[in-house]
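Please look through the sequence and the three-dimensional structure shown here before reading on. The paragraphs that follow lead from a sheet to rings and then to a helix.

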Amino acid sequence: MKSKIVHDTSIFVAMSDALASFFEIFTGDKSFDMGKLKHADIYIGNEHYKARGKMLNSSRVNECFRLSLEDDSENEKHLVLRRLLPSFVRRNPNCKGLLKRDYELFHEFEMEKCPHIIKLIDYVEEEDALISELVPGLSLDLFVKQNPEYYFKRRTTIKMLKQLITTIGFLHDRGMSHLDISAACILVKSSPEHDIMLLNNGLAAAIHDEIPLGPLQGADLPPEMQQGGPYDKRTDIWEIGKIIKMIIQVRKQDPTRASNHLKLIAIKCMKKNPADRYHNVNEILHDIEVWEHLYDNFGAAGKHGQKDE
């Protein structure tokens, strides 16, 4: 599919952008900045799209923009345009072509066969941008705020964790590590099943191509990320532990829900020394399945008045 982005270079648009830049300098608010995309025409195949807003997320690598089909009276067709954060490129100039490799590896490894990875539609070389599908839903961090009770039940917690861990395992089996796993980068679909999707492949292409990475920025990072590496699949395991830790905090809102076994898994995932963590995601899956089949302390009526379903 051939896509292109056509920018409006009129004087009116230039003045409008200058005013917007002045507003950003004055307020310091760049959270909704779309830059030149605000007035661009985006052609994907035979369809004409416009950027409708910047999608807020906590990725340390990407920024995303919501695209809507022009003249769509039903307002039903949307896509996502993804670019590398300028701050990330400045710190890691070797990663400038990372999104192109993302797109190439997506097809080389037939990642569309993994049901929990967002489908990539096209790469726009002139803009160094990816076009991907938009799946209706909420990021995991927003979902648990609005629906905390959903993960009170053991079976829904286990289903989500299994989907996440097997998806990261899919990448690991192909010589890649994600390195940007966070609740903001995991989508909980709005369908009744509430399956999850990885919104991006993080730095998988950089790890696959052995591109050197500097220290990565963000809150609550694995120790090796704060020190500039080395990174490998055990870095992903630490970040999986961070997701498990968040789910434990959610489950604490109902004191009748037991998470003792889950807590031990999170602790092992997040050991400071990577050598002390799980060696691979299959080991985490094994311990999740042990929790799944425990009945003495985690059954419908536990010994201490705790329950789980």
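In which sense do strand β9 and β10 pair, and over how many bridges? Strand β9, residues 186-189, pairs with β10 in the antiparallel sense over three bridges, where two strands count as paired if DSSP finds at least two bridges between them. This is a predicted model, in which local features need pLDDT of at least 70 and side-chain atom pairs count only at pLDDT 80 or more, while totals for chains, interfaces and linings use all residues. Residues are numbered from 1 along each chain as its sequence is written, and side-chain values use heavy atoms, with hydrogens and water left out.

Helices (H or I, at least four residues) and strands (E, at least two) are DSSP runs, numbered from the N terminus. The open sheet has three strands in the order β8-β9-β10, with antiparallel pairing. Its edge strands, each pairing on one side only, are β8 (137-139) and β10 (196-198), and the twist averages 30° from one strand to the next. Strands of a sheet pair through backbone hydrogen bonds, either parallel or antiparallel. As one example, Val-188 has Ile-196 in β10 as its bridge partner. Helix α5, residues 154-172, packs on the sheet and touches β9 and β10, its direction making about 25° with that of β10; contact means heavy atoms within 4.5 Å, and axes are lines fitted to C-alpha atoms, for helices over the stretch in contact, with angles running from 0 to 180 degrees between N-to-C directions.

Aromatic rings come next. Rings of Phe, Tyr and Trp (its six-membered ring) pair if their centres lie within 6.5 Å, and planes under 30 degrees apart count as stacked, over 60 as edge-to-face and the rest as tilted. By this rule the count comes to three aromatic pairs. In one of them, the ring centres of Phe-143 and Tyr-150 are 5.5 Å apart and the planes stand at 85°, so the pair is edge-to-face. Tyr-150 and Tyr-151 also form an edge-to-face pair, with 5.0 Å from centre to centre and 80° between the planes, and Phe-143, Tyr-150 and Tyr-151 form one aromatic cluster. Both Phe-143 and Tyr-150 are buried, a word that means under 20% relative accessible area, with exposed over 50% and partly exposed in between (1.4 Å probe, protein chains only).

In helix α9, residues 260-269, the buried residues are His-261, Leu-262, Ile-265, Ala-266 and Cys-269. Because they cover an arc of only 140° around the axis, they lie on the same side of α9, the arc being that of the directions from the helix axis to the C-beta atoms. These buried residues of α9 pack against α5, α8 (233-251) and α10 (281-292).
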